[in-house]
Each structure stands twice: as C-alpha cells, then as structure tokens.
Amino acid sequence: MISTKIEKALNQQVLLEAESSQIYLAMASWAEVEGYNGIADFLYTHSDEERVHMLKLVKFINERGGRGIIPALSQPALKYKGVRPLFEQVLNHEIHVSEEINKLVDICLKDKDYTTHNFLQWYVSEQIEEEALARRVIDKLKLIGDDKGGFYMFDRDIASLEAAVGREKGRN
Ligand code: FEO
C-alpha cells in the first residue's frame, strides 16, 4: 500500500510523462509536415515510449492500492524554430524529467517506501539513456552545421543513433 503522499507524487509523474508524450507527438507532426521523415519517425516512437512510461506508473499506483489519475493536458507548441532548437528543447525537457525522478526517489527514501523506490530504479536508468540520446543527437547536429548533404544523411540515419545508445548502455 502506498501512502497518500507517494500516490500524489507518482501521479505528478504520470502528468509529466503524459505531457512528454504529447510534446514529442507535436514535434513529430511538425517534423513530418516539414519533410523530415526520419526525425518524425524518431519522435513518433519517442512519444509512444513516453506513453508507456506513463502507463507503467498508472498501473503501479493502482496495484499498490492507490488511484492512477489520467490528467488533462495542455496544448504543446505547434511550430519550432528548427531541428536543433527542437532537440535542445528535448534535452532540457529530459533533464527536467530526470530531476523530477530524482526528487521522487528522495521522497521514497525519506518515507521508507522501498517498494516504490525499487520500482523507480527503472526510470532512473531510462533517464540516463534518454539524456544521452538527446545529447548525441545535438552533437551530430552541431557537426553537420549548415551542410545540407549531412543533414539529409542525419534525417535518414537518426533511428540508428537510438540503437547505438542502447548498445552502449547494455555494455555498462
Ligand atoms: Fe519518460 Fe523521457 O521521460
């Protein structure tokens, strides 16, 4: 059984993961309309992953005797200044998510809720991967600069970046 305090904190995280999914969905739609099909696919997949993050939390809260709250969401931005600012926003957002996960872990330790603490470890390692991936994408975009050919290849190959970060994580 989770405490009311932990239930509330977990439901805040449900909201943040749902917002993440919604933001990445808006970004994916923008990228698709702009003709960046590889980037759009990458972001659509990320949006789906965030929904899974949300769902895992909802199910955990319900299993532990609480009530998972499906939140109302605000309208994300419709337009982005470009691909690099978009991914800088992704990185900043993921850093924020990591901070919130760390706060949750801290609340669990203070509350001596070791079950929820254990459950959250999956999110802790997921955040390492998410931040690394966003940084990797931004590094590539910095290298490419204004090179149109490089950008074409980036859009084509972006899916493989995710696989590379996953493989590195597996080695650690
Ligand atoms: Fe589920 Fe990207 O944080």
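This is a predicted model: local features need pLDDT of at least 70, side-chain atom pairs count only at pLDDT 80 or more; totals for chains, interfaces and linings use all residues.
## Helix α1 and Asn11

Helix α1 runs over residues 4–34. It has 31 residues. From first C-alpha to last, α1 reaches 45 Å, close to the 45 Å expected at 1.5 Å a residue. Just after α1 comes Gly35, with a positive phi of about 95°.

Asn11 is part of α1. Its relative accessibility is 10%. Asn11 therefore counts as buried, since the cut-off for that class is under 20%. Leaving out residues up to four places away in sequence, Asn11 touches Ile61, Arg67, Gly68 and Ile69.

## Helix α3 and Val97

Helix α3 spans residues 83–110. It has 28 residues and reaches 41 Å between its first and last C-alpha atoms. That is close to the 40 Å expected at 1.5 Å a residue. Just after α3, Lys112 takes a positive phi of about 55°.

Val97 sits in α3. At 1% relative accessibility, this residue falls under the 20% limit, so Val97 counts as buried. Beyond its neighbours within four places in sequence, Val97 is in contact with Gln13, Leu16, Glu17, Ser20 and Gln127. Helix α1 covers residues 4–34, and Gln13, Leu16, Glu17 and Ser20 are among the contacts of Val97. Leu73 is 24 residues from Val97 along the chain, and their C-alpha atoms are separated by 16 Å.

## Helix α4 and Thr115

Helix α4 takes in residues 114–144, with Thr115 among them. The relative accessibility of Thr115 is 39%. This value lies between 20% and 50%, so Thr115 counts as partly exposed.

Thr115 touches Phe60 and Arg64, with residues up to four places away in sequence not counted. Ala18 is 97 residues from Thr115 along the chain. The C-alpha atoms of Thr115 and Ala18 are separated by 23 Å.

## The largest pocket

The search for pockets rests on a simple idea. Rolling a probe the size of a water molecule over the atoms shows where empty space is left.

The largest pocket has a volume of about 230 Å³. Its lining consists of Val83, Arg84, Leu141, Ile144, Gly145, Asp146, Asp147, Lys148 and Phe151. Helices α3, α4 and α5 (148–171) are the elements that give two or more residues to this lining. By class, the lining of the largest pocket divides into four nonpolar, one polar and four charged residues.

## The second largest pocket

The second largest pocket has a volume of about 160 Å³. Ala9, Gln12, Gln13, Leu15, Leu16, Glu19, Glu100, Lys103, Leu104 and Ile107 line it. Helix α1 gives the most, with six residues.

The lining of the second largest pocket has five nonpolar, two polar and three charged residues. Gln13 and Leu16 are among its lining residues. Gln13 and Leu16 are also among the contacts of Val97.

An α-helix has 3.6 residues a turn, so residues three or four places apart point the same way.

Conventions
Residues are numbered from 1 along each chain as its sequence is written. Side-chain values use heavy atoms; hydrogens and water are left out. Helices (H or I, at least four residues) and strands (E, at least two) are DSSP runs, numbered from the N terminus. Buried means under 20% relative accessible area, exposed over 50%, partly exposed in between (1.4 Å probe, protein chains only). Contact means heavy atoms within 4.5 Å. The expected span of a helix is 1.5 Å times one less than its number of residues. On a 1 Å grid over the protein atoms alone, a cavity is a set of points where a 1.4 Å probe fits but cannot get out, and a pocket is an open set with protein on both sides within 12 Å along at least five of seven lines; lining residues have an atom within 4 Å of a point. Grid points are joined across faces, edges and corners, and a volume is the space filled by probe spheres set on the points. Ala, Val, Leu, Ile, Met, Phe, Trp, Tyr, Cys and Pro count as nonpolar, Asp, Glu, Lys and Arg as charged, and the others, Gly among them, as polar.
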